[in-house]
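Student: I am new to this structure. Can you take me through how its parts are arranged?

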Amino acid sequence: MTEKAGLCGPDGSAKRKKTLEEIRKINGNKESLPLAYCVVYGCQQNEADMENIRGMLAEAGYAFTDNPSNADCIVVNTCAVREGAETRVFGNVGAFKQIKEARPELVICICGCMMQQEKVVNKIKKSFYYVDIVFGTHNIEKFPELLLKKLKGQKRVFEIEQESERIAEDMPVLRDRENMAKVTIMYGCNNFCSYCIVPYTRGRERSRDEEKILHEIKLLAQQGYKEVTLLGQNVNSYGNDRGEKNAFAVLLSKINKIDGIERIRFMSSHPKDFSDETIAAIAECEHVCKHIHLAMQSGSSRILKLMNRKYDKESFLALMEKIKTSIPGVSLTTDIIVGFPGETDEDFEETVEVLEKVRFDSIFSFIYSPREGTPAANMEDNVSKEEKQKHFDRLLEVQNRITHEKALECLGHTFTVLTEGRSKENGEYLTGHTDGFKLVHFKGDDSLIGKMVKVKIVIARTWYLMGELEEGENNE
Ligand code: SF4
């Protein structure tokens, strides 16, 4: 894949820099520092995109505020995966109308997956006339250009591309967290699961150059980052679009050798692409976390076929067994959709059976809701709301028991935890995750934030563990 002309690659970043400089000059003429308010919905990929948008805003001279009423620029990065998120986005954007009426110079921007849907853009054009800039998932690197057009007087700016082969490199980035960074390794998805909108909103798979990923992670290590999460809709097909074999396993082993990076995580993974080479790389690389999140979605082969997942119950169970044997102590998590069109009691019981067999450490479960524009939205949905809810409750009951039993297994054991900060619920405690992604709270002073510490687990709750620092053992 080659970078095309535009705001990407060396030429693109030079042009982008110039544009950002021009916006900075315009902002410099204002009486006070301009403020930006950013809100993001959806997945980690959206959060990573927002880190780039915030990076561009910072370079353009904006500071940030948590209060939209004070903002000079509002950016909303949207998600199209769930209907609930869409309703919330429209509700929130509606609330900005009053602020815009009071201060017409405010610039309101909306971007992200929802903007790849024509009906949404039409709705914004018609009903949300106070929204100034709309751009899609393929146009993020053009944000400075669009903002400049608006600041120079253009009434409304719309920039949406349906498909793109471009990968923007060298974008400014303002990361959300210290010590832990998200690194996108690929964009898009080729899988077309029948319920999912992502291939339509994010396009086909495009992998970043290995060299550029490694360069970014080396820089992160130099800046003191300890953990990286490699992002992509389906990271284990990394490199497939360039005809490379086992490129994800190779990438993991190369990142594993970067000095200073203590932990490597990745998401999301598709069971059909989870190769023996990737399993071996996870087992062998000391810094790759022994935690694998593999979305199963259903335990019924019949439903998996309707979902177009391209694996069945038996092959999924075989994969889980292979992973457990090859990576002793591995922590496993999954996603489950309850109430897919046509799901019978028998289909649901097969999902429960798989939960009991695999014993995931935790699951993310969702009640199915149709997304317009996907094949599943046209399937007859003959599962009643009550039935869906009944199955969902039972699923949680089964999994909560297993999750609690898994937590109890940690009692008395010592884990290495990357200290992420103070617990939001109780500031007395520091908080962090184990290698297997279990949340741990423990007492300690702020000097431990950003450090790898050893914590002995003394209390096990279903959703978190409480521990004590091991005396004299705490070093990086
Ligand atoms: S693998 Fe399936 S569920 Fe995941 S992003 Fe691609 S189409 Fe959607």
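Tutor: Start with two helices. H8 (residues 247–256) and H9 (276–284) pack at an angle of about 10°, with their axes 8 Å apart. Axes are lines fitted to C-alpha atoms, for helices over the stretch in contact, and angles run from 0 to 180 degrees between N-to-C directions. Helices (H or I, at least four residues) and strands (E, at least two) are DSSP runs, numbered from the N terminus.

Student: What kind of model is this, and how are residues numbered?

Tutor: This is a predicted model, in which local features need pLDDT of at least 70, side-chain atom pairs count only at pLDDT 80 or more, and totals for chains, interfaces and linings use all residues. Residues are numbered from 1 along each chain as its sequence is written.

Student: Are H8 and H9 roughly parallel or roughly antiparallel?

Tutor: Angles under 35 degrees count as roughly parallel, over 145 as roughly antiparallel, 65 to 115 as roughly perpendicular and the rest as oblique. The angle here is about 10°. H8 and H9 are therefore roughly parallel.

Student: Is the crossing of H8 and H9 left-handed or right-handed?

Tutor: Look at how the near helix is turned from the far one. Anticlockwise by less than a right angle is left-handed, and clockwise is right-handed. The crossing of H8 past H9 is left-handed.

Student: Which residues make the contact of H8 with H9, and how do they divide by class?

Tutor: Residues are in contact if their C-beta atoms, placed from the backbone, lie within 7 Å. H8 gives Phe248, Ala249, Leu252 and Ser253, while H9 gives Glu277, Thr278, Ala280, Ala281 and Ile282. Ala, Val, Leu, Ile, Met, Phe, Trp, Tyr, Cys and Pro count as nonpolar, Asp, Glu, Lys and Arg as charged, and the others, Gly among them, as polar. By class, the contact has six nonpolar, two polar and one charged.

Student: At what angle do H7 and H8 pack?

Tutor: H7 covers residues 210–222. Its axis and that of H8 are 11 Å apart, and the packing angle is about 30°. That makes H7 roughly parallel to H8. The angle asked for is about 30°.

Student: Which residues of H8 touch H7?

Tutor: H7 passes H8 in a right-handed crossing. On the H7 side, the contact uses Glu210, Ile213, Leu214 and Ile217. The contact has five nonpolar, no polar and two charged residues. From H8 come Leu251, Lys254 and Ile255.

Student: Which residue in S10 is the bridge partner of Lys182?

Tutor: S7 and S10 (residues 227–231) pair in the parallel sense over five bridges. In S10, the partner of Lys182 is Thr229.

Student: How many bridges join S13 to S14?

Tutor: S12 and S13 (residues 331–338) pair over three bridges. Ile292 stands opposite Leu332 in S13. Val338 has Ile367 in S14 as its bridge partner. S13 and S14 run parallel, and the bridges joining them number six.

Student: Which helix gives the largest share of the side of domain 1 that touches domain 2?

Tutor: Domain bounds come from an automatic or database domain assignment, which gives domain 1 (9–159), domain 2 (180–408) and domain 3 (414–469). The C-alpha centres of domain 1 and domain 2 lie 30 Å apart. Their contact takes 14 residues from domain 1 and 13 residues from domain 2. The largest share of the domain 1 side, five residues, comes from H2 (residues 44–59).

Note on methods:
Two residues are in contact if their C-beta atoms, placed from the backbone, lie within 7 Å. Two strands pair if DSSP finds at least two bridges between them.
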